[in-house]
Structure formats: structure tokens, C-alpha cells
Amino acid sequence: MREKFTFYQGHRSAQRMLSVLGSLIFIGCGKEEIKVYSVPKEVPAEARPAMAQNEISANPNASTIHWETPAGWKELAPTEMRVGNFLVTSGEKKAEVSIVPLSGGAGTELGNVNRWRNEISLSPIAENEIVSEKISIGASDGKLYELTGAQQKTIAAVLEREGTSWFFKMRGDKEIVSQNKPVFVEFLKAINFNAAKPAEALVAAKPVSTNIKKVPNEGSSGEPKWEVPANWQEKPPSEMVLKSFSVGDADHEAKVSVTTFSGSGGSLLMNVNRWRKQLSLDPVAESDVAKLTTPIDVLGGKATLVDMNGTDAKTGKPAHLIAATVPRKEKIWFYKLMGDEATVAREKDAFVKFVQSVHYPND
């Protein structure tokens, strides 16, 4: 059976809050499971109507994206940036498929290609060396890129639509990626952008994901200055993480991540519920957020600390999560410590001091 997914793209309030909505509907025994998410896009402030928290945009121009998950693809939990996240396996070989929408500018074509090349250990190329082909993404024309390294391969497609850049990418063992290229191409062709919102989708809404523009690493001269605890080990950052650290041994590990985005980064409620999903917890209402958060002082302002326990959605193990949101001018900074309960509890004070130690550029 193929799972059918529906994603919404709309806009938020005049206060630049990003509303992310999702609903899960079960329609009888043996019927398809339908999931609906809202992915807001950036629009001029004067064009944004005042809307209630978690209200689906009434904008008649709001669009939806629909897809069907191919047989054999396993759905994974959405991440901070991936609204679609899948795993393809064949024996011990695997590949990941992701869908990432970014509002506003999403980097140059050369910058994106060289980022993908770096992920599979290929050297950068010049602009005149870029190779792409036209690909159908639903009813629209996008670009397809195919990059092959020694062990891994990436096939990526990009579509620019209504101020949003949609990135569709399959990366992993080069044999399984090559074998699944026809499936990936058909997956792209089957995507449908549609302005209609099915009424049955507007049920039991809960925040799931957001579309916010990644602020690129500004380099050593533009990065914040911080004091990293001596027992934290720096790790290679992932695609959307500026800095990454690990603390504890392999059986009792916790991870620290630092990410930054332009704009507001979504409401506090949205982010709390995103983190709760990572802990396999049910979403909470706005009235419950105060019970889970604490204001803390940071250099030059205030931050909000979130502290929750649950079960890691990826590993199924008990987990503790502490996160801090720090607004700075036109950016928002997210700091997250998550992992083994005892390790996180032990590192909480060090984590808070780390967040409070940050000197932001141009403050």
C-alpha cells in the first residue's frame, strides 16, 4: 500500500509568527492514513492578516503539496528542517530521502551543488562545471542534479515556487541510490501542488514542522564567541546545524546542537511541540507552555529554557531534552541538549552557562 501525504503552505500573522499545523486522520479499517502539515512561506508584513495561534491560513492563494510514499520507503519522524523524511534500505545498504522547503533565498546553485558534493567527499567545482537536467516536479519544471562519490551518491531536485525553494534529495550508498533513481523520479512527477484544502484534513491539528530560512555560517569573524565546556567533544555539523557537540560515553551519550535562522523561528508553542515530538510526547496547548519553560538571563537580553523528559523517537530509549531559544535582532538561535537522562541532568548547569556565555556578533 502507498501512503498518501498532504502538506499545506500558507502564511502567518503580522507579528511574523510561523504557524505549523498537522493532523492525523484514520478513516476506517484498511484505509489510507492521511497526514497534513502546514508549511508557511514568507510574505510582506502588510499582506499578513491577523490570525489566531495554530489557525490555518484563509489566504486563497495558499498552496498545498501532496505526495504518495513509494512502496519500500519507510517514513521517519520529521526533523527540524525536513517536512518529508524517508529511509530506503536493501540489506545493509541504505539511503535517505528528504523534502526541505526554505522560504526566501536558499543559496546559489553553485553553493548548493558544492554543499552536496562535500557531503559525499567530493571536491568543489566551478560554476561552469555544473551539470543539471530538467525534471518534472508535479506540473512544474525543476532541476535535477546527480553526484557520485567513491561510496555514496546524491540525487537532488530543486523547485522554486511562490517564494519557496523546495529541495528533494536522495543520498546514500551509491548502488541503492542508482537503483532507486527511477522511483525517485516518479515520486517527483507524482507530487501535486493544489490550492484546494480538503475539509477532512482540518482535524486534530498539531504543530509538526516549519519552513524557516537557514542562516549560513558567517565564518570565524561573524560567528558568536562562546565558552565550550572542556568535556564536550565537537562533532562535524549536519546539513542544518551550525555547531554540534557530544558529551558522555557511547552508552550514555547526549548531544548538543546549535542552529540559527532568520526571522522569528516560529512561535514558542510550535517549537515546544516540535521538541515534544522528538521525545514521543503529545503536543500541548499554549496554556501549558509556561509550565515547561523558564526565562534565563543571557548577555544582552533574555532567553527561554525548555526542560522535558520522554522517549527518543529515533532510538526508543528514555531521553531528556533541554533547549534554549535566544532571539537576536533579525535572527533566532536554538541551543539543544538531548540524550541520556542522567548525562543531560548532569550537564544542565554547564549547558545553561554555555548559552549564557555567548557573545553575538554586532551586538
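The following legends describe close-up views of a predicted model.

Local features are taken at pLDDT of at least 70 and side-chain atom pairs at pLDDT 80 or more, whereas totals for chains, interfaces and linings use all residues. Residues are numbered from 1 along each chain as its sequence is written, and side-chain values use heavy atoms, with hydrogens and water left out.

View A. Ile322 belongs to strand E18, residues 318-328 (helices, H or I of at least four residues, and strands, E of at least two, are DSSP runs numbered from the N terminus). Ile322 is buried because its relative accessibility is 0% (buried means under 20% relative accessible area, exposed over 50%, and partly exposed in between, with a 1.4 Å probe and protein chains only). Beyond its neighbours within four places in sequence, Ile322 has contacts with residues including Leu305, Tyr335, Val344 and Phe351 (contact means heavy atoms within 4.5 Å). Lys336 is also in contact with Ile322; the two are 14 residues apart in sequence, with C-alpha atoms 5.8 Å apart.

**View B. Nonpolar cores.** The largest nonpolar core holds 30 residues, of which Trp116, Val272, Trp275, Met308 and Leu321 touch the most other members (a nonpolar core is a set of buried Ala, Val, Leu, Ile, Met, Phe, Trp, Tyr and Cys residues joined through side-chain atoms within 4.5 Å).

**View C. Two serines with positive phi.** Ser121, although not a glycine, has a positive phi of about 65 degrees and is found in the loop between helix H1 (109-119) and strand E8 (133-137). Its relative accessible area of 69% makes Ser121 exposed. Ser280, likewise not a glycine, has a positive phi of about 60 degrees. Ser280 sits in the loop between helix H4 (268-278) and helix H5 (289-292) and is partly exposed at 45% relative accessibility.

**View D. Salt bridges.** The model contains 13 salt bridges (a side-chain nitrogen of Lys or Arg within 4 Å of a carboxyl oxygen of Asp or Glu). In the pair formed by Arg171 and Glu119, the closest N and O atoms are 2.8 Å apart. Arg171 lies in strand E11 (residues 164-173) and Glu119 in helix H1, so this pair ties together parts 52 residues apart in sequence. Glu146 pairs with Lys181 at 2.6 Å between the closest N and O atoms; because Glu146 lies in strand E9 and Lys181 in helix H3, parts 35 residues apart in sequence are tied together.
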